[in-house]
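Visitor: I have a structure to go through and would like to take it in parts. Could we begin with a ligand site and then turn to the chain contacts?

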Amino acid sequence: MTDLPTTGAKKLGLVIDLDICVGCHACAVNCKEWNDGGHSAPLTDLDPYGKDVSGVWFNRVHSFEAGDHECGRTVHFPRSCLHCETPDCVTVCPTGASYKREEDGIVLVNPDTCIGCKLCSWACPYGAREFDEADGVMKKCTLCIDRIYNETLDEIDRVPACVSTCPVSARHFGDLGDPESKVSKLVAERGGYDLMPEMGYKPVNRYLPPRTPKRQGAAALKPSEQVEAKGFLAWLDRMLSR
Amino acid sequence: MHPAISIIFFTTASGAGYGLLVLLAWGALVGHLGSQTGFGIASFVVAIGLVGAGLLSSLGHLGHPERAWRALTQWRSSWLSREGVMAILTFLPALAFAWSWVVAGEVSKLAAALTIVGALVTTVCTAMIYASLKPIRAWRNPWTVPVYLTLGFYTGALLAALLLHVYGLRGPFVTFLIAVVGLVATALKIGYWMFLDGGRSASTAETATGLGSIGKVKMLDPPHTESNYLLKEMGYRVARKHARKLRLFVLLVGFGLPILLSFLAVQGSDAVAIAGSLLAVASGGLGVVVERWLFFAEARHTVTLYYGSSTA
Amino acid sequence: MSLLNPPDRIDFSAPTADEVKTTTCYMCACRCGIKVHLKGGDVRWIEGNKDHPVNKGVLCAKGSAGIMQHNSPARLKKPLLRTGERGTGEFREIEWDEALKIATGWLGDIRKTDPRKLAFFTGRDQSQALTGWWASAFGTPNYAAHGGFCSVNMAAAGLYSIGGSFWEFGEPDWEHTRYFIMFGVAEDHASNPIKIGLGKLKGRGAKFVSVNPVRTGYSAIADEWIGVRPGTDGMLVLALVHELLKADKIDAEYLVRYTNAPWLVIKAPGTASDGLFARDDKGRPLCWDKKSNEIGDALSVDVVPAIAGTYKLADGREAVPAFQLVAERYLDPAYAPDKAEAVTGVPADTIRRLAAEMAEVAFSETVTLDVPWTDWAGRRHEKMIGRPIAMHAMRGISAHANGFHTCRALHLLQTLLGTIDVPGGFRFKPPFPKPAPPAVKPAGKPGTLGPGQPMKGPPLGFTTGPEDLLVEADGTAGRIDKAYSWEAPVAAHGLMHLVIRNAWAGDPYTIDTLFMYMANMSWNSAMNVPETMAMLTDKDASGAYKIPHIIYSDAYASEMVSYADLVLPDTTYLERWDCISLLDRPISDADGPADAIRQPIVKPNRDVRPFQDVVLELGARLGLPGMVNEDGSPKYPGGYSDYLVRHERAPGIGPLAGWRGADGTGQGAGAVNPNQLERYIENGCFWHHELTPDQRYFKHANAGYLAFAKSVGFVGSTDPIILQLYVEPLQKFRLAAQGHGPIQPPDRLRARVEKFFDPLPIWYPPFEHLDAEGYPVSALTQRPMAMYHSWGSQNAWLRQIHGANRLYVGRRLAERDGIADDDWVWIESRLGKVKAQVRLMDGVNADTVWTWNAIGKRSGAWGLAADAPESERGFLLNHLIGDVLADGSPNADPVTGQAAWYDLRVKISKADGPPKSEPHFPTLKRPPQSPEPAGVLRHGARFKGRA
Ligand SMILES: Nc1nc2c(c(=O)[nH]1)N[C@H]1C(S)=C(S)[C@@H](COP(=O)(O)OP(=O)(O)OC[C@H]3O[C@@H](n4cnc5c(=O)[nH]c(N)nc54)[C@H](O)[C@@H]3O)O[C@H]1N2
Ligand SMILES: Nc1nc2c(c(=O)[nH]1)N[C@H]1C(S)=C(S)[C@@H](COP(=O)(O)OP(=O)(O)OC[C@H]3O[C@@H](n4cnc5c(=O)[nH]c(N)nc54)[C@H](O)[C@@H]3O)O[C@H]1N2
Ligand code: SF4
Ligand code: SF4
Ligand code: SF4
Ligand code: SF4
Ligand code: SF4
Ligand SMILES: [Mo]
């Protein structure tokens, strides 16, 4: 059923720190690399060496400027499925291929039953669904379900590809349903927020806002009296041993 | 939103088919249908043909048409599923109604009544597929369902008039209906467009990124320099200038001209009646197709907020 | 129910590989450790190696796209011999034996007559230890790698000042710094380490300031963005120096201990010793000892040296401590913040505040590590105390003609604050620091070369005065690129960007063969591309090419391939042995030296050979010393891997430092270990030696570190490395320009040498800015983080991110010129014009426009469709950048010859016509038998595992 599951306690998701994201696209490409051979394999690319190249990507990194002119900020902004708590992408699906897992809240598409009607992609406000034209089915971020529970990987590697690869550690993975988890605490501490809360989809993923800049208040240095008054020869006349 | 031909054809054709069915069934209920076998067969062939062709065309839009039956399983949550289920269910009373009228010679009022319910519910379901999509303000609003219903009814009436005339029957009532429904449709569309132009989405580039507290948000770079599925599907935009012209086209060619033609038709000879109502169907059909095209082309999805739009 | 809606068949634990092999990434020169997961013999997945000192498990976008690079349809398949005109891309495939015979023929003839007629230039590979040695053995001084056009002025500024440098020779103390200023860095070679570091640093609450005309990437996450006017950082930095000096916020103790601040500089204007250090008869520098009130040995432990005053030397000449010259110069109001504001566009108040913030951090927030250490004089210190200000700089400084001095100014600032190799400061990466400058001199003086003879030393090194230059008696350059001539006396890395022009012009002499490796010199690494292409194909009166032979090794169908006569196709990075050596550009971090290898992960499916194998084979065929045994047989029949293990540069010192000695216990030095490569592979293909905690800071003066460094050959002695506020070798060149000594610059260069060889940092406007009337805007490029120069475009995944490039223009500037977003514009410099599409932005200096580097491609290259966006909407600024100035002199740093890419000045105007970039050159032919690239790419499908 594409009814939403009675929400379990566990809400796995990502927390993305916009204060330190440098927009390197590592998460996006690493996601592509892992998932190209993973559960949703392949992430097809069309016209890969031609004029109109395009492909299936689960994670895309945008760049924005916020604020005006020199006083604003440039913010790099990765965008992937937010594994919403009450997403219409699931309920609109006519086949049940789109579903939200009760055990951890991950939103997935069953590639064996998806008819490729694309309706879920219309229902997602965030543009997190990607149609694979060659396969005729909808694909999307799986929260790397084939990594996070993968017993052939070392414990430490059982995190999404985008998280393990982010060079600045701007991406965090964990249970946002557990207020004691590291990610929940991070969200609380840094004022993590929802994208488009007005949609009412209740995204699980959170974004951490840019921090306020540091030390903008220092007063200019006072000229040293020694330098000013006595000239620098005197000022430098200290006994400095080696 | 990308105006896919298959979807435009599906919604307009099935809308007209259901509109025609509703009229026929209504005629039966109020006792207006006699034993006009030829007219009956033709009407059902056209109505069910349009509904069926619409449904088939909607399959053409699917990545996996062979799995289409799966779409019938999720009626509890999905309007698309409900639409599929209702479309199939509606075939039962519609066929029974057709049988009773054309073959058995005795119209089943129960079948007719169920046909009306089925057709209306199916059309509402179709409309709700769109009206339920929160990311698209142009669709998720109180106008969508009435417009779908009215236009279905309207195009159905245009077809009914043509069929009547072809079979040498005259239906001034249908002409009257065309005029009334056409005017209602005109009003609805004007109201809808005023709604569309008069407001903005609650979502903005600022809410989409959450960066509004810093200031106005402007796109610097999209993630990829070339286009992608999302942009092709949801990023479609028709220029304002063209939209204006097309809206006028819809009002004139879609509603004004057919109403005029319909009036001319009922007053003329049989040949004039047929020609007039044929032209009315063609003109109304074209108008409604353009209306549907605009319904998609003017709709903006919130995903565009991530690609440089300030509102959706 | 499950019939209607069967459950998703997820294989939660699908194995990622049949086999996992470690190696080193080479999607860029950062050289991260990777683990390659193979399934059914195909590369399924490449992940970062968590144990690796460089990347600690992370991968960047490029590294993550390695599969697509490895499978690129642009890979070359077989050696190619030119059949049509040069530049058209007409070739036929030939066998390797024929290719090697042809090359041996050309090179053998040269070696027998005049080895200088071979110019051997290599790009950003990591085999410079091999290729430089090969050039030496061949006997040609005409060898260099990409450093000359990359950042040689910065490398030189560092090596002459502090014995290390930014670039890859040092790094900020990411763990401890509280204040980090980054000058002109978009990505840099330490691509992952910088990102890892910035994440840590911001997480700790340290302040990050980015000085950069453009606010993207790193600058986007800076606490403060200083949108400086291009080419003016030197002035900004010297104004900071001014403020700090004026407020007495300098670390005088540090200066006395570790720098040449107290060394006495002779004041004897007009004489040959003016401005040189006063030295005793053993050549040791002198100082004024305040304890004894007499001249003392500046290197002695016991002196209490003065850093100001005027003193009389024994011979009666006057001398002042170097620091006094520093203070005198920079206290001058000419360096006041208000003066700097006019030059840099940075408000004077901001400059004052930055100085104040730095002073606050340096002097009230010192970092103390409870680590006892012993200094060079044997004194034990209980703690390591540092001033936690770190700086980093790269091409925003070096790609300007004043970059050497600007970088010197940065090192001056760092040194005055006492932040070099201290906790929280800038840290050396072993094998650095080396004596400033390192003791290696360039070989190849005219007269020392001859037919059939090797050179007596390496082609590249560090000149310390006119006597080290490679010039003829009349001042004519000895090298084809004129490195180490009066045009570029301190050209520590050679000048790759001048080879083609000089070879074409026959200036200073003609050559026979241009042998290049891994450098796309007819496109994105050329300045003035159209003219460069013309020079490569130009013929003399007899119809012969002016550059008679071009041999080129590339792995892919780059633009340059079409300009070669003989193409030697290389392997990809997953198909060969490679060595990232301490003798070259190592992967060390500040906590210890490191090196690494690449091992073949998959077998090539084409008839290609690793270039290093080819070079060794050519060496053997030519009978070069060191490459053949006495009987003439090849010395390294096993190819490069054989060489890596058995070659010794000096006894016990080889390409790889790990697991040396017969038993593999030698770290850094030791006898040859035949099992060395196996040991590397067991360890993840890298070696990292962790310095003991007491060796990790103050390396320039740390007895423990210096002893270690000497034991492994990094330095020749355990003497402290003195940081040079005042760089005496520069003064030696200047004296020559003033008419002293036997070797003097030609008259046309006298004034220039005199001006720019100032032993203290100066700021001067970049040359291209001087006569820039009509060209009011600076035009820059930036490295995109997800692309590596030209290679990225053949990569199906990366090219989706950067398939075309825009010209980024500030909103205010655009408004002034009536330019809107998405408009097409002409970008015009004194050389010509380029058409590009505009993207408006806020975060850019008001007088600056910029674009991403090397995205524009020539139609037909790189296995791409002829109408690919890279050539339809992509463009290169290089077409507009002069390799020479309007007056014909090099568009380069006058000290080092570094190419001044970012001095470009342009004007922009709205363009009509089709939405297509210009200029367009004829579409290049694909190499013979190239496959048509696939229309749909589904590489991963073969790995799909379903439960
Ligand atoms: N991803 C990726 N990584 C690379 C490379 C690549 O192509 N792609 N190339 C490698 C190579 S060869 C090199 S040399 C390094 C170079 O690494 P970077 O030095 O990071 O190279 P650029 O992108 O040229 O960055 C120069 C920066 O300086 C700024 N800038 C320009 N002029 C000025 C100025 O006058 N003052 C200041 N303060 N800033 C200025 C530019 O806006 C830009 O941000 O990167 C290496 N790493
Ligand atoms: N406008 C502008 N121009 C610039 C710069 C700039 O900032 N702005 N930066 C300059 C700088 S710092 C640099 S370093 C240069 C870089 O410019 P280049 O040195 O020309 O760099 P690449 O484009 O990387 O070209 C290297 C060549 O090596 C080939 N190659 C890649 N892998 C292999 C391999 O495994 N084996 C072999 N044999 N070949 C291989 C590639 O196919 C490519 O043809 O560009 C310079 N040009
Ligand atoms: S990898 Fe990290 S820093 Fe890079 S774009 Fe993704 S989130 Fe940002
Ligand atoms: S982000 Fe979109 S696809 Fe993901 S759960 Fe929310 S609505 Fe669904
Ligand atoms: S495209 Fe697939 S997953 Fe999406 S709504 Fe249609 S059937 Fe469901
Ligand atoms: S969680 Fe996995 S699938 Fe989702 S964006 Fe990250 S890497 Fe991609
Ligand atoms: S920075 Fe990226 S491309 Fe460069 S070596 Fe590391 S992973 Fe590879
Ligand atoms: Mo470079």
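Guide: A residue counts as near a molecule if one of its heavy atoms lies within 4 Å of it. Please bear in mind that this is a predicted model.

Visitor: Understood. Which residues surround ligand 6?

Guide: Ligand 6 is surrounded by residues of chain A: C31(A), N35(A), F58(A), N59(A), S80(A), C141(A), T142(A), L143(A), C144(A), P160(A), A161(A) and C162(A). Two elements of chain A, α1 (26-36) and α5 (161-165), each give two or more residues to this shell.

Visitor: How many residues of that shell are nonpolar, polar or charged?

Guide: The shell around ligand 6 has eight nonpolar and four polar residues, and no charged ones.

Visitor: Now the interface. How many residues do chain B and chain A put into the contact?

Guide: Chain B contributes 58 residues and chain A contributes 61 residues. About 4900 Å² is buried between the two chains, with carbon and sulfur atoms giving 59% of that area. On the side of chain B, Q74(B), Y229(B) and Y306(B) lose the most area to chain A, and together they make up 14% of what that side buries.

Visitor: How many salt bridges are there between chain B and chain A?

Guide: The count is three. In one salt bridge, the side chains of K218(B) and D68(A) meet at 3.4 Å, N to O.

Visitor: What does β1(B) pair with in chain A?

Guide: Strand β4 (residues 60-66) of chain A is joined to β1(B) by four bridges, and the two run antiparallel. Within this pairing, F64(A) stands opposite M219(B).

Visitor: Changing topic: which strands form the open sheet with β35(C), and in what order?

Guide: The order is β3(A)-β2(A)-β35(C), with antiparallel pairing. β3 (54-55) of chain A and β35 (936-937) of chain C stand at the edges with a single partner strand each, so one side of each has no neighbour in the sheet.

Visitor: And how many bridges link β2 of chain A to β3(A)?

Guide: Strand β2 (residues 45-46) of chain A pairs with β3(A) over two bridges. L46(A) has S54(A) in β3(A) as its bridge partner.

Key
Residues are numbered from 1 along each chain as its sequence is written. Chains are lettered from A and ligands numbered from 1 in the order in which they are written. This is a predicted model: local features need pLDDT of at least 70, side-chain atom pairs count only at pLDDT 80 or more; totals for chains, interfaces and linings use all residues. Side-chain values use heavy atoms; hydrogens and water are left out. Contact means heavy atoms within 4.5 Å. Buried area is the accessible area (1.4 Å probe) that two parts lose on being put together, summed over both. A salt bridge is a side-chain nitrogen of Lys or Arg within 4 Å of a carboxyl oxygen of Asp or Glu. Two strands pair if DSSP finds at least two bridges between them. Ala, Val, Leu, Ile, Met, Phe, Trp, Tyr, Cys and Pro count as nonpolar, Asp, Glu, Lys and Arg as charged, and the others, Gly among them, as polar.
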